[in-house]
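Biologist: I am new to this structure. Please show it to me, and then I will ask about its chains.

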Amino acid sequence: MAAHSKALQITTNGKGTYPITQAVAAVVRDSGISFGTVTVFVQHTSCSLIIMENADSTARHDLERYFDRLVPEDVPYFQHTSEGSDDMPSHIRMVLTRTSEVIPINDRSMQLGTWQGIFLFEHRRAAHRRRVIVTVVGEPV
Amino acid sequence: MAAHSKALQITTNGKGTYPITQAVAAVVRDSGISFGTVTVFVQHTSCSLIIMENADSTARHDLERYFDRLVPEDVPYFQHTSEGSDDMPSHIRMVLTRTSEVIPINDRSMQLGTWQGIFLFEHRRAAHRRRVIVTVVGEPV
Amino acid sequence: MAAHSKALQITTNGKGTYPITQAVAAVVRDSGISFGTVTVFVQHTSCSLIIMENADSTARHDLERYFDRLVPEDVPYFQHTSEGSDDMPSHIRMVLTRTSEVIPINDRSMQLGTWQGIFLFEHRRAAHRRRVIVTVVGEPV
């Protein structure tokens, strides 16, 4: 058994979903680990991770619009508003989705389903550099 | 340390929650691993996993009805509608719940609380065969 | 590779978010494991875990108020009401958040971002003793 880790830098340009499947797959392939699990972890509280439909981008657009309505920016009772009207909704959208995703590995590849992709879900309007830690644990090749 | 994995096939017959605790427990018991963690991962974007109250089935029915209202099928702004009115809501309900659950193991058993069960949460109306990957990582017996 | 586990007891006094980052960090530090992942798992279905903004407590208050409105107690169609009006909402709030969090470890420390804290999210009004299992898997020091 062995463990391997690498940090990814993801540049975001406003609210939306950003595909990271290929970047995570490369870390798994280069890890020297054949069989086990990979943990993808984002080090922020105003963006999050999701596994989502990867083929039709309208599905992601609909998801983003749904979240804009589920957690609107103009909630009158929010007190934590000093960092802008998109800040408190960003924390709530993060809590409603995921900070980590754990995916099984076999034969140096993630065992994702056909339609599954991994996405960083950016909840802030301004551009950001986001840090994602990819940790592989399992049996070496 | 060792790793062990098995794929489960779960047959669903419409929207609802389907218990998989016993099937996962059997994989853990047969894994030869005594102490560590088990990762349960579903390879689909229109169903998901939850840990939920396992005793009173009305709790699960209430949960299902709540989700039917939180993510209704008749959202007027959805564009991703080619696969039916239950398709886009299924992706959103998946994102709002979980694609993987990670549970600690001790003495070849999951350390679930008394009322915790693992369920596959089916979000599509049609019957489906769903694939769940169970991966155990830890110290051998 | 090695695995290490410890159970934490968390006392809650009503609905709210309770910081557990320091308690989890101590288990990691004492585990003898330098590099890998830690899984934090709560053994209950009426409270949950979140990673949340740890600096400004108004962000947590806003989050709690948001959840009070997203999953209100007076939903007319709930059937599972025998344990009180806060019981069924507690299960739904748990499903909408997380039962486990998985965090990468390097050099005997969790690789949390600057603003990330781990919190137990209590959804019941009465005082409770909650049990959290912390399991570390990785390479020994």
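Modeller: This is a predicted model, where local features need pLDDT of at least 70, side-chain atom pairs count only at pLDDT 80 or more, and totals for chains, interfaces and linings use all residues. Residues are numbered from 1 along each chain as its sequence is written, while chains are lettered from A and ligands numbered from 1 in the order in which they are written.

Biologist: How many residues of chain B are in contact with how many residues of chain A?

Modeller: Two residues are in contact if their C-beta atoms, placed from the backbone, lie within 7 Å. By that rule, 24 residues of chain B meet 31 residues of chain A.

Biologist: Which element gives the most to the side of chain B that touches chain A?

Modeller: Helices (H or I, at least four residues) and strands (E, at least two) are DSSP runs, numbered from the N terminus. Elements giving two or more residues to this side include strand S1 (2–13) and strand S8 (127–140) of chain B. With 5 residues, the top contributor is H3(B).

Biologist: How are the axes of H2(B) and H3(C) set, parallel or oblique to each other?

Modeller: Axes are lines fitted to C-alpha atoms, for helices over the stretch in contact, and angles run from 0 to 180 degrees between N-to-C directions. The axes of helix H2 (residues 57–70) of chain B and helix H3 (residues 87–96) of chain C come within 10 Å and cross at roughly 60 degrees. Under 35 degrees counts as roughly parallel, over 145 as roughly antiparallel, 65 to 115 as roughly perpendicular and the rest as oblique. H2(B) and H3(C) are therefore oblique.

Biologist: Which residues of H3(C) make the contact with H2(B)?

Modeller: H2(B) brings Ala59(B), Asp62(B), Leu63(B) and Tyr66(B). H3(C) answers with Met88(C), His91(C), Ile92(C) and Val95(C).
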